Each structure stands twice: as structure tokens, then as C-alpha cells.
Amino acid sequence: MAQKNNDEQFKNVISHAKEYGFVFQSSEIYDGLSAVYDYGQLGAELKNNIKTYWWKAMVQMHENIVGIDSAIFMHPKVWKASGHVDGFNDPMIDNKDSKKRYRADQLLENKIDELYSELANFSAENKAKFEEFQQEILGLSDEGQASWVPTFKDEETILDHAKYPFVEEASWRFVKKGLTLEVEMNLALKSENLAQLKDLIVDYKVICPISKTSNWTDVRQFNLMFSTQFGAMAEGSDEVYLRPETAQGIFVNFLNVQKSGRMKIPFGIAQIGKAFRNEVIARQFIMRMREFEQMEMQFFVRPGEDKKWFEYWKEARLKWHKALGTPPEKYRYHDHVKLAHYANAATDIEFEFPFGFKEVEGIHSRTDFDLTQHQEFSGKKMQYFDNDLNEEGKPYGNYVPYVIETSIGLDRMFLLTMINAFEEQDLSTEDKQDSRTLLRLHPALAPYKVAVFPLTKKDGLPEKAREIMDTLKFDFNCIYEEKDAIGKRYRRQDAVGTPFCITVDHQSLEDNTVTIRHRDSMEQERVAIADLGNIIGSAVSWKTLLA
Ligand code: GAP
């Protein structure tokens, strides 16, 4: 079958997710609610399995990591302390003709991507050279030293100088313009210079994709937190926020957990839970939602050991992703050049979605910023007493721990898993056209582990199949089906990723054997009913992922 283009493939995944009960638009009968989705009967199973994989890998496999479940509502001061009230903003701009609102930085990023698309004309060697140069320039701009980077309008720019002569002269002009814009945008964002962002949009002739005009309003800050009233409706009720990240529930419980669990540094606290952001641009299905779920872990370490643990978690988290059998080239790190004010290192784990490499998970070295802020705003000490001995033989004593955070979006992981597993296979032979849609999910993640079919609806076969189902269902999520021809039933299970189908036939009544069909190879073998538990159990065991 011809390779579908990425757009088409992505659309097929979305419609497959709906058709088979994985994901539905929220409130669909009322035409939906933008960027909010519901997980259907199979989506809920897959999502739970992804959560279990994460929880087991993080909590069960680490003696020094425990899990909590903190409330979505938190004291409003939490969000003052964390910086979200004042700083969790997006710079927004409206097009006066289409009345559409955009994130100013995303408009500029799209422009930068457009200019960088000329890199396709570079030789591999020159592209690599350029990327090195780009890191260098962005690094300088990050340190605030790039005020000298001239705008693209200048004739002679530092970017022209002989150190980086690119032979692809015509394309280099565009790429250079892209880099200059990237630097200028970073500087404007860093200094929160909204007027400068607007100027860049105008100068670089960014147009609204809908109205195709550049009739823009000024850029304004827009806070992404949802707020609601807490308590009675009348005066005196307080404004509270729906948490925009689960992490703060961990920070404020740091000492509760440390003391009640007698945890010794280094140790981690993990949690899975809902987060809410009033995203202005919500797009790409469940990639950017207004209500979503995060799986976060804060790892508390001694100051000075943060770099070491950052490297450890960076590697450990990518290993977790790759264990699922995803082609390694689909993943990459994106180290942040531009760091948030509280971080001293940050990297994203990116996956190659059909719409390009995008962040799935962030690993951030957050220093002691959050705990120190909570100490200041609550007036309660957030210190840990470390009685281990340092090199001089003295206890490390009291300190506010440093934190390495791993933060993965569950919904993005779900999307990645669906995209990665989705396959349309051509099974045609010379005599017959045939195809199947397959979800090649890791067996441990599959919603159903096994489907049990009686070959026909009579002769005692359904009863025998039910008997098998009744023994397997304690250990595995099973589905029983007797409708339609066996081939059709196989196809339905292929489409939802069920790794095994068991068929009960007349021979089964005589010798207690069944055929077991393997989803990926479509091979069938005859096995004893008594062996089914072991065969299925070893394939779907979490050990296959965690060991
Ligand atoms: N505590 C750190 C934190 O929240 P983040 O980079 O803002 O960091 C972490 O979010 C992860 O949460 C992202 O890598 C992404 O997978 C997921 N995420 C963030 N915003 C999201 C949204 N609007 N919809 C779906 N997932 C989102």
C-alpha cells in the first residue's frame, strides 16, 4: 500500500480513535467543547495501562520514590509563590480582520520555520555547520550578549562574515533571516517586551492565516490559569485556580512525605493527575488540550548534585520511552538554550509526530526555586536535615533541597502510542485484494490482552469458550465474541491491538486444545488450554518493559 502522507495518516489515526472507542470529542452532541476530549471504553484502558507503566517504572522500581495524589484545588498563595499568577502568561495578538487570536511567539516561530525551510537546500555538512553556529548564537542571545545581532535589514551583518560562508547563497539569505528573527524574538520574550514582539510581527510581514492581512492589535499578556470561586457564591468567596501543573501539589507536601515516609535524600515524589490550562491555541487533537493529565516526579537532591541527577533522569526517561519498542530515531532530546528563570538545565524529550518533532516530556533541573518560594510565602521552613557526612566528615546539615523534575503529558504519550502503533497493511495476494488496520501496541499496553471466540455458535463451543474466558479473566482483560466469521473477528481485534485471539473449535471439546493467533505475525498455533495463562502472561508481563 502506498505510504500515506503524514496529514492523511494523522487524520486516519484520529478517526480510528473515534471509531473504535478510544477518544471522543467532549460534549459531542452539543458540537463539542474546543480542546477537551473524552476517553472511550478502549481509550480508558490504554490510558490506564500507560499510567501503570509509568507508575511501576517510577515508583515500584525505585525504593526511594513514593507516589501521592494531591487535590486539584490548592491555596491561591501556592500560585503566587510558584510564579504562575504573575508569570504564566502567553503573549497574545488579535487580527482585526479575522478576529482570530494568536500567540505572538507562535506566529513568529511559524515564520522562522518558513525561513529555515530553505535549509533543505543545504548539504548535510553545511546544515550541521549551521546548526552548530545556531546553537552558538542562541547561546549568546540567551546570556543577553546578542544585542549586537543586527536585524536582517542591515547590509553587513555578523552572520555574513567569513567564518560561516555557506555556498548555498540564495538559501542562506533566508536561513540567516530566520536566525536573526529567532534571536530577536528570544530577546523580546526574555525582556517581556511586548511592543518589540509586535514590531517583529509587522517588520517580518507576518500575516493572519485566515484573513491574510497584517492588521494586528497590540500584543497583550494572557494568563493561562482557569479560576473559579471557592465557597459560597456571595461576597467573601475566594478566587481559586484549577492547577496548571501537578508539581506544586508535590512541593507543598515535600515535608509531609519526607517526615511520614522517613525519606532520605535523594528521594522522589511522583504523581499522576489532571492539569488545566486555558490554552489559546489548542490544536492537533489531544496534543494541546485545556484539560489534560500529567505524570510528574520531583526528585529532591543535595545542592551541588543536581547536574549529576539531571543527567541520570534524562537518560532514564528516554530509556523508558524506548523500551516500548519505538524506533529510536523517532525520539530526540531538545536541550533548552533559553532557560526558565528557576531552571539551571532543561531538556525536552521530543517525538516525531506526523506534524514534526514535538515535546512529549520535559526534564528540568529546577534548583531550590520552588521550595524556597513556598518557604517565603508560607513562612514555614522547607528545609531538610541531612545527617550523612560530607568529605570533611561533618554532617551536610540543613538545606533546601534542589529538585530535578520529570514531567510527561499522559495525553501526548497516548497520542504518540496510537500513532506509533497504527499501521495499514496490504495483505493482497495475486488472487485476492486484502488489507487490515493494525494497532501494533506493546502487549502490556493493549486494552484487551486476549479475545476468546467459539468457532460457531453451537455444539457446546460457546460454553467451552466461556469456560476459558472465566479462568483467564482474573489475570487478563478479555473480550468474548461470537458474532461474524472468524476472519472478521480477527480483523476487529487487530484494529484495537489485542495481541492474542483464541479460537475454540470441535477439537477443543475432545482434547482441551485451542488455536492461539498472534496479532502481528497472524500465525496460529495449537496449544493446550492449560498453557494459555503462561503464554499470554509472559507476553503481557510488565517485566518485558521494566526488567
Ligand atoms: N511541571 C512542569 C510542567 O508542567 P510543561 O512543559 O508545561 O512543564 C509538561 O508540561 C508536559 O505536560 C509537556 O511535556 C506536555 O507533554 C504536557 N502538556 C503541557 N501542556 C499541555 C496541554 N495543553 N495539553 C496536553 N499536554 C500538555
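A residue is described as buried if its relative accessible area is under 20%, as exposed if it is over 50%, and as partly exposed in between (1.4 Å probe, protein chains only). The model is predicted, so local features need pLDDT of at least 70 and side-chain atom pairs count only at pLDDT 80 or more, whereas totals for chains, interfaces and linings use all residues. Residues are numbered from 1 along each chain as its sequence is written, and side-chain values rest on heavy atoms, with hydrogens and water left out.

Aromatic residues were examined next. A pair of aromatic rings is described by the distance of the centres and the angle of the planes. Rings of Phe, Tyr and Trp (its six-membered ring) pair if their centres lie within 6.5 Å, and planes under 30 degrees apart count as stacked, over 60 as edge-to-face and the rest as tilted. By this rule there are 24 aromatic pairs. In one of them, the ring centres of F299 and W313 are 5.4 Å apart and the planes stand at 65°, so the pair is edge-to-face. Because F299 lies in strand β10 (residues 291-301) and W313 in helix α11 (residues 306-322), the pair ties together parts that are 14 residues apart in sequence. Helices (H or I, at least four residues) and strands (E, at least two) are DSSP runs, numbered from the N terminus. F299 is buried, at 1% relative accessibility, and W313 is buried at 1% relative accessibility. An aromatic cluster is formed by F10, Y331, F351, F353 and F355.

Charged groups also lie over rings, the criterion being that NZ of Lys or CZ of Arg is within 6 Å of the ring centre and within 35 degrees of the ring normal. The charged end of R317 is placed over the ring of W320, 4.3 Å from its centre, and R173 lies over the face of F174 at 5.7 Å from the ring centre.

The surroundings of the ligand comprise 20 residues, of which E245, M289, E296, E359 and V360 are the closest; a residue is counted here if one of its heavy atoms lies within 4 Å of the ligand. Strands β10, β13 (356-367) and β16 (402-409) each supply at least two residues of this shell, and the largest share, six residues, comes from β13. Polar contacts (pairs of N or O atoms within 3.5 Å) include a backbone N or O atom of V360 at 2.8 Å from an oxygen atom of the ligand. A polar side-chain atom of E405 lies 2.9 Å from a nitrogen atom of the ligand, and a backbone N or O atom of G409 lies 3.1 Å from an oxygen atom of the ligand.

Backbone geometry was considered last. Most residues other than glycine have a negative phi, and most peptide bonds are trans. The peptide bond from I265 to P266 is cis, with omega near 5°, and P266 belongs to the loop between α10 (254-260) and β9 (267-276). K99, although not a glycine, has a positive phi of about 65°; K99 is exposed, at 67% relative accessibility. D484 is likewise not a glycine and has a positive phi of about 75°, and D484 is partly exposed, with a relative accessible area of 30%.

Terms used: Polar contact = N/O pair within 3.5 Å; in protein donor to acceptor, adjacent residues only side chain to side chain.
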